[in-house]
Amino acid sequence: MFRFIFLFAVLGIGLFLGTQYSGQQGYVLISIANKTIEMSVNTLVIFIILTLGALFGLEFIIKKALRASSTTWNWFSVRKLKRSRRYTNEGIIKLLEGDFKLAEKKVTRWANHHDMPLLCYLVASEAAQGMSNSKQRDHYLSLAAEQADSTLAVELTRAKQQMHDQDYPAAFDTLTTLRHNYPSNTILLNLLKTVYIELKLWQPLIDLLPKLFKHKLISKEDQAALIQKAQCGILHEVATQNGSEG
């Protein structure tokens with residue numbers, strides 16, 4: 001808007017001066033190398049005004065073109081995002097229904113266009129786990145781990161899959177490493193409880209029970225039963241190692 005006001009102001013001043021000095025147009029000589037250009041002052045003023053108008057018009061056209069290109073690009077991006085979300089939602093439903101192959105296909109098809117690829121890769125990993133394809137499962141977990149703020153979600157998923165395969169030592173290592181940074185995560189604490197019981201790690205289980213009770217993950221009765229179970233386990237270990245004297 002300012003440019004157009006400026007242009008009209010210059011045009012008005014030029015017309016005013018032109019009418020005031022119509023009989024005294026003056027003389028302008030421009031010499032460039034071996035070429036010379038001769039014109040009156042009025043002609044020079046009009047030429048400058050037309051040049052400015054052309055430049056402002058060209059700027060306006062370029063901005064319009066860039067804005068149109070940006071709008072078109074954003075339209076395609078939003079369209080891809082919506083499609084990716086739709087496929088991901090359908091993939092999650094298929095995962096819950098047990099159609100693991102179709103679930104994997106849907107969530108990975110447009111994962112690059114999703115605003116949260118982490119979700120796509122985690123669902124794909126669970127689908128691969130459902131098909132007992134450990135190589136593909138670990139591949140998707142690796143892709144998920146490359147996403148921002150993915151550590152907790154990826155490692156909890158990994159631990160659950162290791163426990164599903166009854167690889168409790170590996171799950172123990174995964175959860176123990178994760179616990180240093182997330183000591184109060186309730187899912188992690190619940191998984192640790194199961195791992196401790198399966199690996200017969202009775203003293204760590206006893207140490208964990210107050211925290212489980214504090215976060216209302218177990219009742220008072222459950223806590224008492226697990227303490228008894230752990231103490232019996234410790235007695236059994238001592239008896240196995242040292243006999244009745246132990």
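## Fold pattern

Along its sequence the protein chain runs α-β-β-α-α-α-α-α-α-α-α-α, a total of ten helices and two strands. Helices (H or I, at least four residues) and strands (E, at least two) are DSSP runs, numbered from the N terminus.

This is a predicted model, in which local features need pLDDT of at least 70 and side-chain atom pairs count only at pLDDT 80 or more, while totals for chains, interfaces and linings use all residues. Residues are numbered from 1 along each chain as its sequence is written, and side-chain values use heavy atoms, with hydrogens and water left out.

## Burial and contacts

Of the 246 residues in the protein chain, 27% are buried (under 20% relative accessible area; exposed is over 50% and partly exposed in between, with a 1.4 Å probe and protein chains only). The accessible surface is about 16,600 Å², and carbon and sulfur atoms hold 60% of that surface; areas come from the Shrake-Rupley method with a 1.4 Å probe.

A contact means heavy atoms within 4.5 Å. Among contacts between residues at least 6 apart in sequence, 50% join residues at least 24 apart.

## Helix 5

Helix 5 covers residues 134-145. Its buried residues are Arg137, Tyr140, Leu141 and Ala144. Seen down the axis of helix 5, these fall within an arc of 105°, so they line one face; the arc is that of the directions from the helix axis to the C-beta atoms. Their cover includes helix 3 (100-109), helix 4 (117-130) and helix 6 (151-164).

## Cysteines

Cys120 has 0% relative accessibility and counts as buried, whereas Cys232, at 44%, counts as partly exposed. The count of disulfides is zero, taking a disulfide as a pair of cysteine sulfur atoms within 2.5 Å.

Conventions. Expected span 1.5 Å × (residues − 1).
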